[in-house]
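Please look over the sequence and the model first, then read the points below.

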Amino acid sequence: MKNLFPVFILLFLFGCNGKPSDVPKLFPCKITVKKEATPIVGANVILGSDVAGSMWASSGTTDSSGVAKIHTNRLKWQSEGIPAGEYTVVLSKSPKLESISVAEYQKLEPAEQDKYREEEAKRFDALSREIP
C-alpha cells in the first residue's frame, strides 16, 4: 500500500483540477460592448446557453476597450472560451451610488433607516444607465 500512495495523490490532484466531464470543447469568444461608438467599461456579459441541463456558466467583464473575454465556469473550475452553440446575451452594469457607511447607517434610528433606504432607492432609480 505504501507504493500506491503517490499514485493516489497524483490521481487526486489531476482529477480535481481537470475540466469537468460535462463541459464540451471550448472555443475562444470575445464580445465588444459599445454605446454610440464609445466602449462601455465594467459591463457584465452573461451568455445563457440553450443546452438543456447545462451546469456551466459563460461570462466576462468588459475592459477599458469595451472588450470582454468570455470564460466558462463549472463549480471552481474556469477556462477561457465557450462551448459551441447558440446563446442569449445579457448585459448589465449597475451605476455607482454614493452611500453612507455601515457604521453610520447603524447609528440611525429604525425609522431613519427606513427613510434612508427609501431615499436611496429613489436616488438609485434616478441614476443614468449606460446599459438600459
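Of the 132 residues in the chain, 24% are buried, where buried means under 20% relative accessible area, exposed over 50%, and partly exposed in between (1.4 Å probe, protein chains only). This is a predicted model, in which local features need pLDDT of at least 70 and side-chain atom pairs count only at pLDDT 80 or more, while totals for chains, interfaces and linings use all residues. Residues are numbered from 1 along each chain as its sequence is written, and side-chain values use heavy atoms, with hydrogens and water left out.

**Confidence**

- The chain has a mean pLDDT of 83, and 84% of its residues reach 70 or more; pLDDT is the predictor's confidence in each residue, from 0 to 100.
- Confidence is lowest in helix H1 (residues 5-17), with a mean of 43, and highest in strand S7 (residues 67-69), with 97.
- Over residues 1-15 pLDDT stays under 50, and the model has one contact beyond four places in sequence for them.
- Where pLDDT is low, the predicted coordinates should not be read in detail.

**Overall make-up**

- Three helices and eleven strands form the secondary structure of the chain; helices (H or I, at least four residues) and strands (E, at least two) are DSSP runs, numbered from the N terminus.
- Starting at the N terminus, the order of elements is α-β-β-β-β-β-β-β-β-β-β-β-α-α.
- Among contacts between residues at least 6 apart in sequence, 56% join residues at least 24 apart, a contact being heavy atoms within 4.5 Å.
- The chain has an accessible surface of about 9,900 Å², and carbon and sulfur atoms account for 58% of that area; such areas come from the Shrake-Rupley method with a 1.4 Å probe, and for residues only the protein chains shown count as cover.

**The nonpolar core**

- The largest nonpolar core has twelve residues, among them Cys29, Val33, Ile40, Val45, Ala68, Tyr87 and Ile131. A nonpolar core is a set of buried Ala, Val, Leu, Ile, Met, Phe, Trp, Tyr and Cys residues joined through side-chain atoms within 4.5 Å.
- Val45 is in contact with residues including Ile31, Val33, Thr62, Ala68, Ile70 and Leu91, its neighbours within four places in sequence left aside.
- Val33 sits in the loop between strand S2 (30-32) and strand S3 (34-35), and it counts as buried because its relative accessibility is 6%.
- Beyond four places in sequence, the contacts of Val33 include Pro39, Ile40, Val45, Thr62 and Leu91.
- Val33 and Ile131 are 98 residues apart along the chain, and their C-alpha atoms are separated by 9.7 Å.

**Thr62**

- Thr62 lies in the loop between strand S6 (57-61) and S7; its relative accessibility is 5%, so it counts as buried.
- With neighbours within four places in sequence left aside, Thr62 is in contact with Val33, Ile40, Val41, Gly42, Ala43, Val45, Val67 and Ala68.
- The C-alpha atoms of Thr62 and Ile40 are 7.1 Å apart, with the two residues 22 apart along the chain.

**Helix H3**

- H3 has 17 residues and reaches 25 Å from its first C-alpha to its last, close to the 24 Å expected at 1.5 Å a residue; the expected span is 1.5 Å times one less than the number of residues.
- Gln113, Tyr116 and Glu120 are buried in H3. They cover an arc of only 60° around the axis, which puts them on the same side of H3; the arc is that of the directions from the helix axis to the C-beta atoms.
- Helix H2 (102-107) is part of what covers the buried residues of H3.
- The face of H3 turned away from the buried side carries exposed residues, including Lys115, Glu118 and Lys122.
- Gln113 has a relative accessible area of 17% and touches Tyr105, Gln106 and Leu108, residues up to four places away in sequence not being counted.

**Exposed positions**

- Glu36 is in the loop between S3 and strand S4 (38-39). Glu36 has a positive phi of about 55° although it is not a glycine, and its relative accessibility of 78% makes it exposed.
- Ala37 lies in the loop between S3 and S4, with a positive phi near 70° and a relative accessibility of 65%, so it counts as exposed.
- Pro132, in the segment after H3, counts as exposed at 92% relative accessibility.
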